2 protein chains.
Amino acid sequence: MKSSRSAAGVDPTVPAPAVELVGLAAYTELAEFGLLAARSVDAPDLATRQALADGADRALGRQRALLALVSADDGVVPGVVGAAVMAPFDDALTDFDARTDTDDWAEGLLKGVVGHGVAQDFCRVLAGGLDGSSGRAVRQVLERPAPGPEAGADAGADAEAIWLLARLAAADDVLGSRLALWGRRVVGEALGVVTALLGRRPELAALAAESASRSGVDLPPAPDRDDAVRTWLVARLTGEHTRRMDRMRLAA
Amino acid sequence: MKSSRSAAGVDPTVPAPAVELVGLAAYTELAEFGLLAARSVDAPDLATRQALADGADRALGRQRALLALVSADDGVVPGVVGAAVMAPFDDALTDFDARTDTDDWAEGLLKGVVGHGVAQDFCRVLAGGLDGSSGRAVRQVLERPAPGPEAGADAGADAEAIWLLARLAAADDVLGSRLALWGRRVVGEALGVVTALLGRRPELAALAAESASRSGVDLPPAPDRDDAVRTWLVARLTGEHTRRMDRMRLAA
């Protein structure tokens with residue numbers, strides 16, 4: 001983790017696992033900005049276009065709050081420290097994107113909600129494994145509801161997207177079934193990204209194990225430990241995904 | 001203009017021409033958000049992706065400041081008042097978009113810089129024709145440089161795009177020539193949109209005439225008046241466009 005710690009613009013007093021997690025979470029928000037913005041550009045009407053643009057904007061707002069946690073300089077532009085801490089994750093979603101490519105507007109929107117939802121939940125679980133004041137700071141940003149049109153559980157960058165999808169599915173059963181099927185496919189791919197990241201980034205795997213053990217999970221010793229962590233994590237992420245699909249009245 | 005004045009969420013004390021101009025300017029920022037965000041999504045590298053996302057974000061920030069000027073309620077979400085005041089302009093860029101469609105990344109970026117530049121300059125000229133406190137407030141928002149990586153003339157939503165295009169053109173003469181040619185085509189189409197809007201929206205034509213006369217232009221009486229206003233406006237917008245192309249080292 002030396003390379004992240006000494007990267008341009010990164011505060012050297014922030015522990016490496018926090019830098020790693022902030023990089024992943026910031027990358028997640030930039031990806032969600034792109035997905036929401038793309039659906040804003042080809043939205044069916046002006047109100048939808050505005051709503052999704054506002055959601056994309058909030059994704060970047062959270063990204064900025066995350067990057068500020070690891071910036072050496074208060075006045076730093078996100079581009080500098082952002083590129084440094086996000087670089088390890090730059091190709092993390094390439095396969096996911098290719099395997100969930102769609103020309104359908106509602107499917108594209110749901111891809112963002114499901115994929116970003118899993119990614120955010122993953123980051124929150126990992127944050128549970130961080131120590132000290134930087135851990136508290138990261139958890140505070142990740143758990144803070146972004147200001148949005150709806151208060152409560154949905155008030156992240158995806159609030160408008162969730163509301164739009166729920167409305168579309170309620171008005172059209174055939175579309176609702178298609179979206180439910182699509183959601184199952186996307187969540188499968190998203191969980192694949194999560195487990196691949198755990199395999200590739202030992203810092204993240206260590207955070208997941210620490211988070212599991214702080215949650216009271218009785219982990220077996222190596223070599224079964226990694227499998228147990230992965231199983232626990234996938235179960236938690238799937239549970240959150242099911243709640244999210246329920247809020248859109250889509251069968252998970 | 002009754003329809004704008006009584007539209008949902010719009011402050012009834014704001015004069016109709018100010019509501020009209022704010023609607024146009026807000027629509028312009030939403031369009032620029034979309035153009036920058038789309039080029040962020042397919043940017044060649046992470047730093048560029050972040051830079052253009054930040055620019056798109058600033059376009060929405062300015063849009064929010066504009067919509068706040070005409071909102072009846074301080075806590076209104078942009079979607080409500082935004083859709084109301086932007087609706088008259090919802091199809092204003094359809095022809096422009098179709099006629100300047102391109103798959104080339106740099107051309108797409110330059111389309112945004114040139115089109116948005118002309119639109120912003122147009123809005124600033126029109127704001128010069130507004131009376132009273134609402135006129136001053138609109139001018140203040142339109143002339144305020146957005147916070148960005150570069151201070152000065154370029155520090156709007158397009159700051160990063162301008163810098164990127166200047167760098168690309170400087171590194172590749174063939175691309176520079178192609179972009180210069182493309183810029184001439186885009187500015188022609190953008191000026192076509194402006195003159196079409198003047199013909200279609202009498203409130204805007206009246207603002208343009210008032211702005212010309214406050215700038216000391218000696219306008220002839222009708223029926224030559226409209227032509228004279230149009231000629232003056234096109235000359236001003238072309239002049240600003242030339243300066244903008246110069247800053248990117250592209251031949252206007």
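**Close-up 1. The loop of chain A that holds A:P223, in the predicted model.** A:P223 sits in the loop that runs between α10 (202-214) and α11 (225-247) of chain A. The peptide bond leading from A:A222 into A:P223 is cis, and its omega is near 5°.

**Close-up 2. The loop of chain B that holds B:P223.** In chain B, the loop between α10 (202-214) and α11 (225-247) contains B:P223, and the bond that joins B:A222 to B:P223 is a cis peptide bond with an omega of about 5°.

**Close-up 3. A:R249 in the segment after α11 of chain A.** This arginine of chain A, A:R249, has a phi near 55°, which is a positive value in a residue other than glycine. A:R249 has 14 other C-beta atoms within 10 Å and is therefore partly exposed, since a residue would need 20 or more to be buried and 12 or fewer to be exposed.

**Close-up 4. B:R249 in the segment after α11 of chain B.** For B:R249, phi is near 60°, again a positive value in a residue that is not glycine. Because B:R249 has 14 C-beta neighbours inside 10 Å, B:R249 counts as partly exposed.

**Close-up 5. Helix α3 of chain A, residues 46-70.** Helix α3 of chain A comprises 25 residues and reaches 37 Å from its first C-alpha to its last, which is close to the 36 Å expected at 1.5 Å a residue. Of the 25 residues in α3(A), 19 are buried, and the helix is thus mostly covered.

How values were computed:
Residues are numbered from 1 along each chain as its sequence is written. Chains are lettered from A and ligands numbered from 1 in the order in which they are written. This is a predicted model: local features need pLDDT of at least 70, side-chain atom pairs count only at pLDDT 80 or more; totals for chains, interfaces and linings use all residues. Helices (H or I, at least four residues) and strands (E, at least two) are DSSP runs, numbered from the N terminus. The expected span of a helix is 1.5 Å times one less than its number of residues.
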